[in-house]
Amino acid sequence: MSYELPSPAKPLNIGTRGSPLALAQAYETRERLSKAFDLPHEAFEIVVIKTTGDKIIDRPLKEIGGKGLFTREIEDDMLSGAIDIAVHSMKDMPTVQPDGLLLDTYLPREDVRDAFISPRSSGLADLAAGTVVGTSSLRRKAQLMLRRPDLEVVEFRGNLQTRLKKLEDGVAEATFLAMAGLNRLKMDEVPKSAIEVEDMLPAVAQGAIGIERRANDARAADMLAAIHDGPTGVRLAAERSFLAALDGSCETPIAGLAELDGGSMRLRGEVLRPDGSDAISDDITCAVEDGAEAGKAMAAKLLAQAGPGFFEWRS
């Protein structure tokens, strides 16, 4: 080993957003690294970084810059050397990283499904026409309006706890969260029902944690390789290839999911009009090693079917 392992005197700095879920993901990363290298927790320093997306919660993401709002400050700190690695929710990540940074480590994926959350209703079918549902996700909004155009959808920004508080305060009757986040925070008390992927295809990379590093940091590369989950990696390669080929952003309702079965991969993708008036989907099976190419091909097929102007409507 040509480098010195972290120690309490010289810890490895792990950058993260400050929400309870982001911190839980950083703690999981620390725990896995600690076990892999038989190091005390004190050999890792959790560094909380407030991003623009965390500071501005009163406007839709598409109005203030999209997905990069949750990563820019963290990546700047990594490039400057203030932190060594960064832990991200992969569904928040742009498909292209800044020069000098790599995102090639993934922890085992959690439940990919969306959760329907309501203190008084058990599912979408129970909601009366005109019921107010809150979500900040353009994908969830479009999928909801496709299925239930009789509902009213309102903007619902903020972290998981903030959105639950808005629900409690009566801002909306129901909302959606990721099952993965609820599971990681052990929030069994939240009134929820999981929505099967056949009914609501999740966001690309939902349920996955990614760890970013500097491209020239050999120590970080070797240490992260020890905790990388290969199956999650190949699934995300296909999903993010699909997203990248669609030029996916927070302004485009896109869903995608890759699942493994032995040496085969099933890849499903969906693009929607932002008002939920139409959706186009595809479902293919390919060899696992062909997943990234399959993602590109699926995106090209859906774009061709969508035609010009498919995404132009804006709420």
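Modeller: Two strands pair if DSSP finds at least two bridges between them; strands (E, at least two residues) and helices (H or I, at least four) are DSSP runs numbered from the N terminus. This is a predicted model, where local features need pLDDT of at least 70, side-chain atom pairs count only at pLDDT 80 or more, and totals for chains, interfaces and linings use all residues. Residues are numbered from 1 along each chain as its sequence is written, and side-chain values use heavy atoms, without hydrogens and water.

Colleague: Which are the edge strands?

Modeller: The open sheet has three antiparallel strands in the order β11-β12-β13. Each edge strand pairs on one side only, and these are β11 (254-261) and β13 (279-287).

Colleague: Why is the pair of Phe116 and Phe176 edge-to-face?

Modeller: The structure holds one aromatic pair. Rings of Phe, Tyr and Trp (its six-membered ring) pair with centres within 6.5 Å; planes under 30 degrees apart are stacked, over 60 edge-to-face, and the rest tilted. The centres of Phe116 and Phe176 are 6.1 Å apart, and the pair is edge-to-face because the planes stand at 65°.

Colleague: Is Phe116 buried or exposed?

Modeller: Buried means under 20% relative accessible area, exposed over 50%, and partly exposed in between (1.4 Å probe, protein chains only). Phe116 has 2% relative accessibility, so Phe116 counts as buried.
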